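Subject: Handover of a structure for your study

Dear colleague,

Please find below the structure that I am handing over to you. My notes on it follow directly after.

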Amino acid sequence: MNLLTAKSFKKLAVRPEFYVFIIILLLSLFIQAKSGLFFTNNNIVDLLRSMTVPLIYAICAYLGFISTGPDVSFPLIAALSGYLATQFVMVTGYSGSIIVVFLVAIACGLVMGAINGFIIAKYNFPSLIVTLGTTSIFSGILLGVFEAGRIKLPESMIEFGQQSLIKVTNAETGLGSSLPMTFLIAIGLYILTYLFLNLTMAGRGVFAVGGDETSAERAGFNVKKIRFGVFTVNGGLAAIAGVCYSVESTYFLPTEFAGMEMIVIAAVILGGTRLMGGVGTLTGCVLGTLLLTIVTNSLILVGVPIYWQKFIIGAIIIVGTAISVIQIAELKGFRRSKRKKVEVA
């Protein structure tokens, strides 16, 4: 039994998610010791609320990495899709189910994601370059063509945003917090993505394409279709995040969307997703997102100024990227040594 436990611990200790979990635990205990407020009910609910949109973004970034490479366009797809869905409600006067608003946004997001997927799959261009380009295009359409600005959402959307799963009040401080319905959407998307990647042949194909394109083709997977599908789906996911962000804020704020991609990508890499594709877990995504959410939301409890929070996030990004690069270098070294042994034999 002891031997089995030791083996299990060794397996766990080589997983990046384990170390991220340890860091989260130590950071949480440190903040709690300094402030006494980290484990309060309202702070926990605030953390979960703050994780909602970044978690959906993290799923987008994760799918991009494990199949092809970085996708940095999801915040602008979210912004443009959210804007178009909001305009649909305002122009038509629609006041029915919020599901229709999400469907309008998803349709717009799928089109934008399909543009990314088509260029990447058809011409085999690097995903980073393509999505950087389309980010600028979508931003130009949003701010230039539509001249989007700060818009108060229609009442039907505000009403959905104000619906809560739970509401809590801290007995000592009197501060209250609520967990919006959008959190349930993020959890649902996480579960669907997990089931797709782990229980379907197409999901296995996503990992196969990211791991080794040639081997994936030999195994019968259509590499171009999978890459096109991943980036198209990413567009739909980003659109959902865009509507969630807007209804939580009760305002559409176009300038608030840009810039989140680097933090989200850092969270995904910290969670163990490899830069070169084919390796990574959704659990790691959640833990990486939680860690950066704690850094951005809870360090203020111990009096850490905002500029130091940015410093810490920057350091985490560098460390996370360095770990991923080291893992890739070690893997390449292992493969070379294996080839040499085969040649000698």
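What does the accessible surface of the chain come to, and what percentage of it belongs to carbon and sulfur atoms? The surface amounts to about 17400 Å², and 67% of it belongs to carbon and sulfur atoms; such areas come from the Shrake-Rupley method with a 1.4 Å probe, and for residues only the protein chains shown count as cover.

Please note that this is a predicted model, in which local features need pLDDT of at least 70 and side-chain atom pairs count only at pLDDT 80 or more, while totals for chains, interfaces and linings use all residues. Residues are numbered from 1 along each chain as its sequence is written, and side-chain values use heavy atoms, with hydrogens and water left out.

The chain has 14 helices and 4 strands. These are DSSP runs numbered from the N terminus (helices: H or I, at least four residues; strands: E, at least two). Of the 345 residues, 44% count as buried, a word that means under 20% relative accessible area, with exposed being over 50% and partly exposed in between (1.4 Å probe, protein chains only).

The structure also holds 12 aromatic pairs. Rings of Phe, Tyr and Trp (its six-membered ring) pair if their centres lie within 6.5 Å; planes under 30 degrees apart count as stacked, over 60 as edge-to-face and the rest as tilted. The rings of Tyr83 and Phe252 have centres 5.5 Å apart and planes at 50 degrees, so this pair is tilted. Because Tyr83 lies in helix H4 (residues 74-92) and Phe252 in strand S4 (residues 251-252), the pair ties together parts that are 169 residues apart in sequence. Tyr83 is buried at 7% relative accessible area, and Phe252 is buried at 0%.

Tyr245 and Phe257 form a tilted pair, with 5.0 Å from centre to centre and 55 degrees between the planes. Tyr245 lies in helix H11 and Phe257 in the loop between S4 and helix H12 (260-270), so this pair joins parts 12 residues apart in sequence. Both Tyr245 and Phe257 are buried. Ring pairs link Tyr83, Phe146, Tyr245, Phe252 and Phe257 into a cluster.

Ser246 also lies in helix H11 (residues 223-249) and is buried, with a relative accessible area of 2%. Leaving aside neighbours within four places in sequence, Ser246 is in contact (heavy atoms within 4.5 Å) with Leu153, Tyr251, Phe252 and Phe257.

Yours sincerely,
A colleague
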